[in-house]
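The exercises below go with a single protein chain. Work each one on the structure before reading its solution.

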Amino acid sequence: METEEMLEIFDGERRPRGYAKTRSEKLGPDEYKVAVGIWVVDANGRLLITRRSLDKLYAPGKWENTGGHMRAGEAPVAAVIRELSEETGLNARPEDVRYLGTAKVWPYFGDNFVTYVDEVEPEVRLQPGETMDARWVTLDELDGMMRAGEMAGSTCSHMAYYREAFEAAVRARA
């Protein structure tokens with residue numbers, strides 16, 4: 001049986017509380033965990049989105065950017081690079097990952113990043129139980145999917161915290 005990930009717990013000001021909890025443990029009103037997300041932009045300025053497995057408890061079948069939980073003792077950039085590799089088979093180096101912004105929506109601080117790949121729509125390897133499909137979309141297509149309710153709610157709510165930086169990062173490549 002697989003051991004459940006341990007996640008470092010923070011207070012509302014993002015100060016470490018000095019303990020960790022499993023992913024499934026309930027959090028109190030001043031306990032937060034960190035989620036990380038990364039947007040991958042290809043050589044044509046298209047964005048990678050993945051579709052969540054139907055087995056997921058939260059937002060099954062919805063589209064999102066790649067991401068996950070930051071484990072206890074892990075730095076945000078290391079966590080997002082790990083999640084990118086696990087869920088898509090794509091690799092990034094720390095120096096190629098750019099910070100976009102942080103969302104604070106209880107019980108999460110959501111650190112969001114962008115990275116660029118030199119290819120056009122590189123092949124993605126899906127992680128069984130996590131992702132069931134992948135697409136490369138334009139910024140306009142992404143906005144349409146958000147309006148249509150096709151994207152995971154957390155992707156949409158977190159975007160409000162870093163939208164300007166996100167658009168600038170995408171347009172820099174387009």
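**Exercise 1.** In which loop is Ala59 found? State its phi and decide whether Ala59 counts as buried or exposed.

Solution. The model is a predicted one. Step one: Ala59 sits in the loop between β4 and β5. Step two: its phi is near 50 degrees, a positive value in a residue other than glycine. Step three: the relative accessibility of Ala59 is 15%, and buried means under 20%, so Ala59 counts as buried.

**Exercise 2.** Is the peptide bond from Trp106 to Pro107 cis or trans?

Solution. Omega is near 5 degrees, and the bond from Trp106 to Pro107 is cis. Pro107 belongs to the loop between β7 and β8.

**Exercise 3.** Describe the order of the elements and the overall dimensions of the protein.

Solution. First, the count: the protein has 4 helices and 9 strands. From the N terminus the order is β-β-β-β-β-β-α-β-β-β-α-α-α. Next, the extent: the C-alpha trace spans about 45 × 35 × 35 Å along its principal axes. A compact globule of 174 residues would have a radius of gyration near 16 Å, and the protein agrees with this, having 16 Å. Of the 174 residues, 48% are buried.

**Exercise 4.** Which residues of helix α2 are buried, and why do they line one face of the helix?

Solution. Helix α2 covers residues 139-147, and its buried residues are Leu139, Leu142, Asp143, Met145 and Met146. Viewed down the axis of α2, these buried residues fall within an arc of 160 degrees, so they line one face of the helix. Asp140 and Arg147 are exposed on the other side of α2. The cover over the buried residues of α2 includes the strands β3 (33-41), β4 (47-52), β5 (63-64) and β9 (131-137), and the helices α3 (153-159) and α4 (163-173). After α2 comes Gly149, with a positive phi near 80 degrees.

**Exercise 5.** Carry out the analysis of buried and exposed residues for α4.

Solution. The buried residues of α4 are Phe166, Ala169 and Val170. They fall within an arc of 95 degrees seen down the axis of α4, so they line one face of the helix. Glu164, Arg171 and Ala172 are exposed on the face of α4 turned away from its buried side. What covers the buried residues of α4 includes β3, β4, β7 (98-105), β8 (108-116), α2 and α3.

**Exercise 6.** At roughly what angle do the axes of α2 and α4 cross, and which residues meet?

Solution. The two axes come within 11 Å and cross at roughly 145 degrees. From α2, Leu139, Leu142, Asp143 and Met146 take part; they meet Arg163, Phe166, Glu167, Val170 and Arg171 of α4. Sorted by class, this contact of α2 with α4 has 5 nonpolar, no polar and 4 charged residues.

Definitions and conventions: Residues are numbered from 1 along each chain as its sequence is written. This is a predicted model: local features need pLDDT of at least 70, side-chain atom pairs count only at pLDDT 80 or more; totals for chains, interfaces and linings use all residues. Side-chain values use heavy atoms; hydrogens and water are left out. Buried means under 20% relative accessible area, exposed over 50%, partly exposed in between (1.4 Å probe, protein chains only). Helices (H or I, at least four residues) and strands (E, at least two) are DSSP runs, numbered from the N terminus. The arc is that of the directions from the helix axis to the C-beta atoms. Contact means heavy atoms within 4.5 Å. Axes are lines fitted to C-alpha atoms, for helices over the stretch in contact, and angles run from 0 to 180 degrees between N-to-C directions. Ala, Val, Leu, Ile, Met, Phe, Trp, Tyr, Cys and Pro count as nonpolar, Asp, Glu, Lys and Arg as charged, and the others, Gly among them, as polar. The radius of gyration is taken over C-alpha atoms; the globule rule is 2.2 Å times the number of residues to the power 0.38.
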